[in-house]
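This briefing sets out selected features of the structure shown below.

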Amino acid sequence: MAYRDAKPDDASPDDTRHDDTTPDTTGNRGARRSARRPGRHAMGATARNDTSRNGAGKSRADKADRQHGGGRSAAEWLMTDVGSLFRSQNEKDEDNDSTDTGTFPVVKAAKKSGATATRNALLQKIVTSVLIILMCMLLGFGYVTQQRNTNENYQSLSEDELVRLLDETTTQVDRLEEQRTTLRSQVDSITNSTDKQAQLNEVAKQNATVSGILAGRIACHGSGVRITIAETGTHIDSARLFTVIEELRNAGAEAIAFDGVRITASSYIVDTDEGIEVDGTIVGTPYDIKAIGSPSALANAIQISGGIGSQLRVRYNANVTVTQLDDVVIDELADAKTYQYAKIVE
Amino acid sequence: MAAVIGLILGIVIGIFVRPDIPIWLQPYLPIMVVAALDALLGAARSYFERNFNDRVFVISFLSNVITAALLVFLGDQLGVGSQLTTAVIVVLGIRIFSNVSAIRRFIFRG
């Protein structure tokens, strides 16, 4: 056969029919014939298939089309079983393939032995089916394999994607590490501040003790001296007695009590008509002074030659006794002062 | 019918065998599958057009698959693998669509 069907697809033009394998079909009058297909897919005609026959075949095909498809609605088509469609297509094909026009004499083909032809046809059919099955198996197998492969997370990713993923992961790790550093420094600072708070509390407590002693709000005891100054006739003015207190302070006295009055930073000694007044309290001879500090230093401060002790003895004829003691108790307390002008600096 | 049987067989085998595809084949397998699908649909179309041929089918199937894989391989060598993959997929997709529409015309005669 020399006819050609135009086939735009990969199945290249071929003159072998899918359902017929007999090689020579030109002269066969029977129903199963391989001949040019009528209808719109026919592109050419053989020498024998002249235009009139072509036209006849075409008209028959159109008629068959109309019979088959003309009167059916789309819904009916959708309901149609595909298998039955295939069958009807086969029937139609056979009908359309018939070149039995009666116009031309048809030469009978030299008939092969029927058994061989049938066997060949069967064999060919089996081979075809096996090949199709094989190919479709390959396709299905590849499809499932690829699908499963796609399901796995990283194996199916390309190099670029993996690199990008790695980059993203690295960036994220960096970010997280940065965050961790920030949080850690926060923890550190909070811990430090708690420590600092504790230290501050400690310092504040110490300060409170120290300033309590200094301000005279806390009773205290320790080694020190006890000084007794007794007047004998001559009045000792307040400046002399204040000098005694100053000398004791210079010598490092940490707490001083003057005749039952706790001496603080703001203590004063003045002469009044009633006698010596210390912080609003009238005191009289003998003056009993207690001081806590280094006993020898305090004693030296008073007894030093030419010092306040000898002045008192010489110029005022006072009896001055200084006793160094291991334990001097100062339980006199000064009143807490309310400050009117001084404010704490924040 | 044989095609359907083959497809089902292949899918079942693929499910139960769980093959480990070699790493060098991994970029090409999806392309090969799409190419094979195109070949299969082309065969279905030629069946409806009644010039189906088993040899042509086998050759077109294999050549489709191999050509597609080779194209992608070439693209990988030239550094345009992903672009060429896209191109092949687009072309095969167009062919699949045209094949399917041809088959549909045969079924619905519309």
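In this predicted model, strand β1 (residues 220-230) of chain A pairs with strand β8 (residues 319-330) of chain A in the antiparallel sense, over 10 bridges. Strand β1(A) is also joined to strand β7 (residues 287-292) of chain A, by 6 bridges, and these two strands run antiparallel. Strands of a sheet pair through backbone hydrogen bonds, in either a parallel or an antiparallel manner.

- Cys220(A) has Ile330(A) as its bridge partner in β8(A).

**The β4-β5-β6 sheet of chain A**

- Three strands of chain A form an open sheet in the order β4-β5-β6, with antiparallel pairing.
- Strands β4 (269-271) and β6 (281-283) of chain A stand at the edges with a single partner strand each, so one side of each has no neighbour in the sheet.
- On average, neighbouring strands of this sheet are turned by 35 degrees against each other, direction ignored.
- Between β4(A) and the antiparallel strand β5 (residues 276-278) of chain A there are 3 bridges.
- Within this pairing, Ile269(A) has Val278(A) of β5(A) as its bridge partner.
- Helix α6 (residues 238-250) of chain A packs on the sheet and touches β4 and β5 of chain A. The direction of α6(A) makes about 165 degrees with that of β4(A).

**Packing of α2 against α4 in chain B**

- Two packed helices are described by the angle between their axes and the distance between the axes.
- For helix α2 (residues 29-48) and helix α4 (residues 81-108) of chain B, the axes come within 9 Å and cross at roughly 20 degrees.
- Angles under 35 degrees count as roughly parallel, and α2(B) and α4(B) are therefore roughly parallel to each other.
- The crossing of these two helices, α2(B) and α4(B), is left-handed.
- Residues making the contact include Ile31(B), Val34(B), Leu41(B) and Phe48(B) of α2(B), and Val88(B), Leu92(B), Ile96(B) and Phe106(B) of α4(B).
- Classified by residue type, the contact of α2(B) with α4(B) has 15 nonpolar, 3 polar and 3 charged residues.

**Annotated spans of chain B**

- An unreviewed UniProt entry lists residues 24-44, 56-74 and 80-98 of chain B under "transmembrane region".
- The span of residues 24-44 of chain B is 76% helix and 0% strand, and its end C-alpha atoms lie 31 Å apart.
- Residues 56-74 of chain B are 100% helix and 0% strand, with the end C-alpha atoms 26 Å apart.

Notes:
Residues are numbered from 1 along each chain as its sequence is written. Chains are lettered from A and ligands numbered from 1 in the order in which they are written. This is a predicted model: local features need pLDDT of at least 70, side-chain atom pairs count only at pLDDT 80 or more; totals for chains, interfaces and linings use all residues. Two strands pair if DSSP finds at least two bridges between them. Helices (H or I, at least four residues) and strands (E, at least two) are DSSP runs, numbered from the N terminus. Axes are lines fitted to C-alpha atoms, for helices over the stretch in contact, and angles run from 0 to 180 degrees between N-to-C directions. Two residues are in contact if their C-beta atoms, placed from the backbone, lie within 7 Å. Angles under 35 degrees count as roughly parallel, over 145 as roughly antiparallel, 65 to 115 as roughly perpendicular and the rest as oblique. A crossing is left-handed if the near helix is turned anticlockwise from the far one by less than a right angle, and right-handed if clockwise. Ala, Val, Leu, Ile, Met, Phe, Trp, Tyr, Cys and Pro count as nonpolar, Asp, Glu, Lys and Arg as charged, and the others, Gly among them, as polar. UniProt positions are given in the numbering used here, feature names are shortened, and annotations may be inferred rather than shown by experiment.
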